[in-house]
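Here is a short report on one structural model. Please look over the chains before reading on.

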Amino acid sequence: MTAKSIGARLAWLITAGLFLFFFVLPVIWLLLAPTKSDAEIIRNNPFAFGSLDGVVTAWRNLYAFQDGVIVTWLRNSAVYTGLALLITIATSIPAGYGLALTQFVGRKTLLTVTLLTMIMPNAALVLPLYLEMDALGLDGTIWSVVLPFSFFPFGVYLTYIYFSSTIPQDLLAAARLDGCSEWQVFRSIALPLARPIVALVGFFGFVGNWNNFFLPFVMLPDSAQYPAQVGLNNLLTSSAVFNTSSGVDNAIMRPELALATLVTVVPVLLVFLFSQRALVSGMLAGATK
Amino acid sequence: MSQATVPRAAGARRAAARVANPAGRMGYVFVAGYFVLLLAFGVVPTAYALWLSISNSRGQLVGLGQFTRTFADYRFLPAFGHVLMYLVIWLVTLMVLVVLLAIMLHGRMPRTSSALRFVYYLPGALAGVASVLLWLILLDPAASPVGWLLEAFGWDTLAKVIAPDHLPVLFTVIAFWTGAGGWIVIMYGALNNIPHEVIEAARIDGANVLQIALRVQIPMLRKWIAYMLILAFATGTQLFVEPQLVSTASWGMIPDGWSVAQVSYLYAFQAGDFHGAAALAVDLVVVGLACAAVVVFRTGLFEKD
């Protein structure tokens, strides 16, 4: 090895290592914080482990906040994202199939509008959606969150691409020659092949909706209706860590905030771990939106 | 790459499929459910906001009145400036570092590279409120694991760290932490699409790693870099969660109308002024839609067949 190539290697290691620290240390800190008391977080080594009792205490304090509302928030998140996921799958799989393999007037327009809405940032439509829901008297109901969550053009586009490139045309023609109706063709050929795309659409729909803050924040006025993300915001504003001026009657400090953050992101973390191989292969190009 | 690697033959095959397909009307049945959602939660809210933005509370048309009125609001220009400042810092950081890291991770020790990509990607699970909350704690010198670093800059309290001037940089750090990994993975996938022979040929011609990156890889990534920047720009203009949370934690130091989306929110919820809120929302929709149109019609990244 020449001195130059050793230097290049060293530069590679230092850069990759620095970014490794940047990305991973906050996660490790977050995992360790609930094991400690607030005083220990401030005084001790930031990456020291406290004790499992610390986690129990943090959970008790967190659970005491508004009589266990943290559990309600998590349940709300599960209900909203779950219902939305069902509607998303039920609408986007047939739609992607229809766009890919049938012909009708307006198909191209529908495809173009789908692409535009898919690339447009979700947040741009939040206030218009609120104004619409308000005019319809639906704001404050769970449907004001679930229904917009279910509208998922990216899922339709993914399904469209998937069916256009996986279903051989001869297969469809043969099925039709055998007397299958269009519906039977879809049922017996497309649906059995749809499993991977259902997983993919499910992944993006779930992660995007679970982490969505702006829409439910705007739509839902009542703490008992909040999903976990809006609940976290509520915890932050009530905590003495960031809010010393008002009289604080709860024990929400750093360990509790860290624990609340952890339990709200656990479902997404699990989904990430299970999809690890697919994620890093670069297959899931839309994940960033 | 989900969007880039659509087999070219598929288009021709599909065209044949549709010609051979007699029962065209079934297409409407398949897209019906999605179409209703698209109308109800994509088209109608946009049209309704547009209508509100050019009318007043008595239902009279006022032309661009709501737009000029909200533009003249004392919060509008500062909010616009804040978002612009953030976008400049964010986009430059994103472009330089994502391209650098993707090229670094490409073509080296497959296992290490794959593990690093996953670790870089992982914070994406904490997008939104979780990431802001975590960083607010991490940036408080009292509890921060890098408190020494913050104090080295002379910032010994959270208030000093989240001073108004610092916010664009802080939001860049948070956005990079949660979002860069996803882009690194995408760029990595795009690098995989560059034929091996091209790189090999350059190497035989005596090009070093840097020259290959600058002359071969980056030019071939151009489309994806453009896609990333447009998307990041569009999303960045809608900034809401980060300033909203930082503002609540700032003891009134950061105004609650720091970004354009926040001002629009205040119009709707603090003032009950839906027409003004709609005008500001339309500003943001127009930016988002314009960016989307550029991506769809100009970059050629998406197959519209």
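## A buried threonine

In which helix of chain A is A:Thr81 found? A:Thr81 is found in helix 4 of chain A. Helices here are DSSP runs of H or I with at least four residues, numbered from the N terminus. The model is predicted, so local features need pLDDT of at least 70 and side-chain atom pairs pLDDT 80 or more, while totals for chains, interfaces and linings use all residues. Residues are numbered from 1 along each chain as its sequence is written, chains are lettered from A and ligands numbered from 1 in the order written, and side-chain values use heavy atoms, without hydrogens or water.

A:Thr81 counts as buried because its relative accessibility is 4%. The scale is relative accessible area with a 1.4 Å probe, protein chains only: buried is under 20%, exposed is over 50%, and partly exposed lies in between. A polar atom of the A:Thr81 side chain lies 3.4 Å from the backbone oxygen of A:Ala78. Neighbours within four places in sequence aside, A:Thr81 is in contact (heavy atoms within 4.5 Å) with A:Phe206, A:Asn209 and A:Trp210.

## Helix 7 of chain A

Helix 7 of chain A spans residues 143-150 and is mostly covered. Of its 8 residues, 6 are buried. These are A:Ser144, A:Val145, A:Val146, A:Pro148, A:Phe149 and A:Ser150.

What covers the buried residues of helix 7? From chain A, the cover includes helix 4 (69-101), helix 6 (126-136), helix 11 (195-210) and helix 12 (214-219). Chain B takes part too: its helix 2 (26-53) is included in the cover.

## The second largest pocket

The second largest pocket has a volume of about 750 Å³. A pocket is found on a 1 Å grid over the protein atoms alone, with a 1.4 Å probe: it is an open set of points with protein on both sides within 12 Å along at least five of seven lines, and lining residues have an atom within 4 Å of a point. Its volume is the space filled by probe spheres set on the points, which are joined across faces, edges and corners.

The lining has 26 residues. Nearest the pocket centre lie A:Phe22, B:Trp135, B:Val146, B:Leu149 and B:Val173. Helix 1 (3-32) of chain A gives the largest share, 6 residues. From chain B, helix 4 (76-105), helix 6 (129-138), helix 7 (147-152) and helix 9 (167-192) each supply at least two. By class, 23 lining residues are nonpolar, 3 are polar and none is charged. Nonpolar covers Ala, Val, Leu, Ile, Met, Phe, Trp, Tyr, Cys and Pro; charged covers Asp, Glu, Lys and Arg; the others, Gly among them, are polar.

## Annotated spans

An unreviewed UniProt entry lists several spans of chain A as "transmembrane region", including residues 12-32 and 257-274. Such annotations may be inferred rather than shown by experiment. In the model, residues 12-32 are 100% helix and 0% strand, with end C-alpha atoms 29 Å apart. Residues 257-274 are also 100% helix and 0% strand, and their end C-alpha atoms lie 26 Å apart.

## Positive phi in a loop

A:Gln66 lies in the loop between helix 3 (52-64) and helix 4 of chain A. A:Asp67 lies in the loop between helix 3 and helix 4 as well. Neither is a glycine, yet phi is near 45° for A:Gln66 and about 50° for A:Asp67. A:Gln66 is partly exposed, at 41% relative accessibility. A:Asp67 is exposed, at 74%.

Notes
A polar contact is a pair of N or O atoms within 3.5 Å; within protein, one must be able to donate a hydrogen and the other to accept it, and residues adjacent in sequence count only if both atoms are side-chain atoms.
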